[in-house]
Amino acid sequence: MNLIEVMERFPDQEACIEHLERVRWAGTPVCPHCGCVEVKSKKENGEGRVGRWHCSACKASFKVTQGTVFHGTKIPLQTWFMALTLILNAKKGISSYQLQRDLSLNQKTAWFILVRIRAEMANKTSPITLQGIIEADETYLGGKPRKANKAEDREPAKRGRGTSKTAIIGAVERGGQVVAKVAKGLTGRDILEFIRRVVNVKDSELMTDEYHAYNALSGHLKHEVINHQEQFVDGDKHTNTIEGFWSLLKRAWYGSHHHYSTGYTPLYVAERCYVYNHRHRETIFWKFINESMRLPSKEIVNAKEYAVFRNG
């Protein structure tokens with residue numbers, strides 16, 4: 001899906017609402033407050049209000065967007081659909097300022113849309129169990145330290161383990177999906193907990209670098225180690241797949257966003273995982289819309305509450 005296709009298929013608000021109603025209700029509108037099907041299109045001055053419904057049981061009015069990623073928005077749905085398309089098609093991510101320029105939005109409005117969509121990607125992602133040849137690694141996100149003014153005062157910038165940067169741990173199935181999250185810690189116990197949660201340890205083989213904390217995994221599944229101080233590839237033994245994902249994550253950091261706070265890092269990581277895991281799916285736009293309209297309960301989500309991502 002690209003911007004031209006979005007504009008052709010959803011030329012106005014009515015077309016967007018019609019599609020969302022078809023996805024969510026399949027022809028039978030249901031009140032999200034009480035679950036009653038005795039609803040009717042709300043009238044005002046004798047004319048139908050597009051997308052507004054009234055429940056005969058609880059007397060509440062509602063829209064198809066109630067409790068979804070589009071809940072309470074005054075932004076045209078076509079703008080939301082175009083923003084989603086830009087996000088999904090941006091291999092290295094898109095910033096709120098770029099979205100502002102592309103869609104003629106206020107920067108804060110663009111940021112609001114991005115946060116909601118990223119939170120939806122995080123919250124609607126089903127638990128993933130990796131299997132087969134798995135590569136695990138960790139990386140660090142953060143700004144590069146400024147160089148000293150005088151040459152004699154300059155020291156090589158510390159990289160990787162031991163820095164104050166945000167640690168991200170991840171595992172990827174070769175040819176398959178990736179799971180990554182902000183690491184609570186990088187001890188052997190922390191890594192073992194992460195691997196056991198996302199990997200089928202009985203039917204998998206793990207590839208890692210020589211970091212000593214990975215030794216805690218050896219007794220739980222087949223574990224191969226590649227020593228990067230000596231070589232990067234030894235036959236099928238390598239971590240190039242997960243390193244490739246880290247490069248996409250870091251290119252988004254350096255090339256598009258330049259900086260984001262630690263509190264929002266889980267959302268950016270979730271976005272990159274979502275796009276990577278559906279990289280071969282031509283219908284990723286429709287998948288996101290369909291999942292967004294499926295609600296786990298009748299609970300109505302507040303607009304501000306929705307944007308808050310609870311990691312873990």
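Mentor: Let's start with the term itself: a salt bridge is a side-chain nitrogen of Lys or Arg within 4 Å of a carboxyl oxygen of Asp or Glu. Keep in mind that this is a predicted model.

Trainee: Okay, how far apart are the closest N and O atoms of E291 and K287?

Mentor: Both residues sit in helix α9 (residues 284-292), 4 residues apart, about one turn of the helix. E291 is buried, at 11% relative accessible area. The two form a salt bridge, and their closest N and O atoms are separated by 2.6 Å.

Trainee: Which helices does the R118 and E271 pair tie together?

Mentor: R118 and E271 form a salt bridge, with 2.8 Å between the closest N and O atoms. The partners are 153 residues apart in sequence, so the pair ties together helix α5 (residues 107-123) and helix α8 (residues 265-277).

Trainee: Where does K237, the partner of E224, lie?

Mentor: E224 and K237 form a salt bridge, the closest N and O atoms being 3.7 Å apart. E224 counts as partly exposed at 23% relative accessibility, and K237 does too at 22%. E224 is in strand β8 (residues 222-225), and 13 residues away, K237 lies in the loop between β8 and α7 (240-257).

Methods:
Residues numbered from 1 in each chain as written. Predicted model: local features only at pLDDT ≥ 70, side-chain atom pairs only at ≥ 80, totals over all residues. Heavy atoms only, no water. Helix = DSSP H or I, 4+ residues; strand = E, 2+ residues; numbered from the N terminus. Buried < 20%, exposed > 50% of the residue type's maximum accessible area, 1.4 Å probe, protein only.
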